[in-house]
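Please keep the sequence and the model side by side while reading.

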Amino acid sequence: MDTPANPPAEHHYLAGLDLAGRRVVVVGAGTVAQRRLPRLVGAGAAVEVIAPEATPAVEALADAGEITWTRRGYRDGDLDGAWYAVAAASPDEVNAAVGAEAERRRVFCVRSDRAVSGSAVTPAVAEHDGLLLGVLAGGFPRRSVAVRDALLEALQSGVVDEHADAPAPGVVLVGGGPGAPDLITVRGRRLLAKADLVVTDHLAPRELLEELGPHVEVVDASKIPYGRAANQDVINRTLIEGVRAGRFVVRLKGGDPYVFGRGFEELLACTEAGVPVTVVPGITSAFSVPAVADVPVTHRGVAHEVVVVSGHVAPGDERSLVDWPSLARLRGTLVLLMAVQRIESFADVLIEHGRPADTPVAVVQEGTTATQRSLRTTLDRVGADVREQGVQPPAVVVIGPVAGLKD
Ligand code: SAH
């Protein structure tokens, strides 16, 4: 019998298989087989792939010893000793033969060519924080994938799964990415959803805060009404006291916490106070904001170096740690953050020390957000253009030939 009376979603029995050390035979080594292999390998199965040809990715798994690849066509008897089989060959007759042998030997077998003909089907799978999700949709893979994605999205945003273990008190420094709320990392978003207290910055993506539950306290560090140094003390104390009160504290920052973000000062303060602290790196605006404005910070044959520079003090300022004359001698890419206010002085010092006046420059304001805008100019004109067009912080300035690759 080829076609089941009921759709698979109704007649299938969903189980979790322990494949560790057990023989699994995959017939075929094309893109379909390739997609199945990582999870089989991840489950610890002893996988034998049987196929005359393989994709480079399957070959690489074999070279790495994660699977064995028997380089020939399928023969009857190949399923000897198998617990599970995947028929993913390209002539469907081969899959039918594999399926028939599997049936004879009472080995569960997935037919990639014709799911209803197999004795097992592969669910759409996702992992989240110790959960393994599998969705079967009775032969409608688009539906199972869509539902799997929606479930994963809900889990990652923390709107379900209240029985997940409460995290131990501590601080996590989370990089929120450059601005678009979906440019935070998966780990960052998952931990944010577990926070009892969130201490945020004005550049951290605000939309992420809307997803937090009503019990979560949010402190906006950019609104603390003291000077900059005093603010940092207040922030450090807020983090430390939060943990001492038994809370899981997320310190949410724009971009990456350690790129001009004072993240490491906070780590040191917490460590000194004996408070556990970890970091979740973020996508820094230094590289991502140019990217979304069609500026790659490196490009083969064009730029073999990229230097990220803070513009928060002027070139001649005694607090400056930047060697501007040396930067002026580089041919590659300079990325300037916090540089809008003093852009003329940076352009001047670079030209004065040898960077050509016609070096391309791109300025990108509020990158990755709905209000993103950018301008293309040259080093000698950037100051005037920034003023004329009213560019405001936050903006990233990219100086170098990469800024002229695409206009
Ligand atoms: N830790 C952050 C940088 C903090 S310094 C990171 O890794 O991205 C703040 C500066 O970052 C701003 O003055 C601006 O130069 C830059 N910046 C941050 N977000 C930006 C955005 N969305 N668009 C343009 N520039 C941005």
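Strand 9 (residues 197–200) runs parallel to strand 11 and is joined to it by four bridges; strands count as paired if DSSP finds at least two bridges between them. Strands here are DSSP runs (E, at least two residues) and helices are runs of H or I with at least four residues, both numbered from the N terminus. The model is a predicted one, in which local features need pLDDT of at least 70 and side-chain atom pairs count only at pLDDT 80 or more, while totals for chains, interfaces and linings use all residues. Residues are numbered from 1 along each chain as its sequence is written, and side-chain values use heavy atoms, with hydrogens and water left out.

Is strand 11 mostly covered or mostly open? Six of the six residues of strand 11 (residues 248–253) are buried, where buried means under 20% relative accessible area, exposed over 50% and partly exposed in between (1.4 Å probe, protein chains only). Phe248, Val250 and Leu252 are buried on one side, and Val249, Arg251 and Lys253 are buried on the other.

The structure holds 22 salt bridges, each defined as a side-chain nitrogen of Lys or Arg within 4 Å of a carboxyl oxygen of Asp or Glu. Three of these pairs are listed below.

| Glu211 | Arg189 | 3.3 Å |

Among the tabulated residues, Arg189 counts as buried at 13% relative accessibility, whereas Glu211 is partly exposed at 36%. Asp385 is likewise buried, with a relative accessible area of 13%, while Arg381 is partly exposed at 44%.

Turning to the whole chain, 13 helices and 17 strands are present, and 43% of the 407 residues count as buried. The C-alpha trace spans about 80 × 55 × 35 Å along its principal axes.
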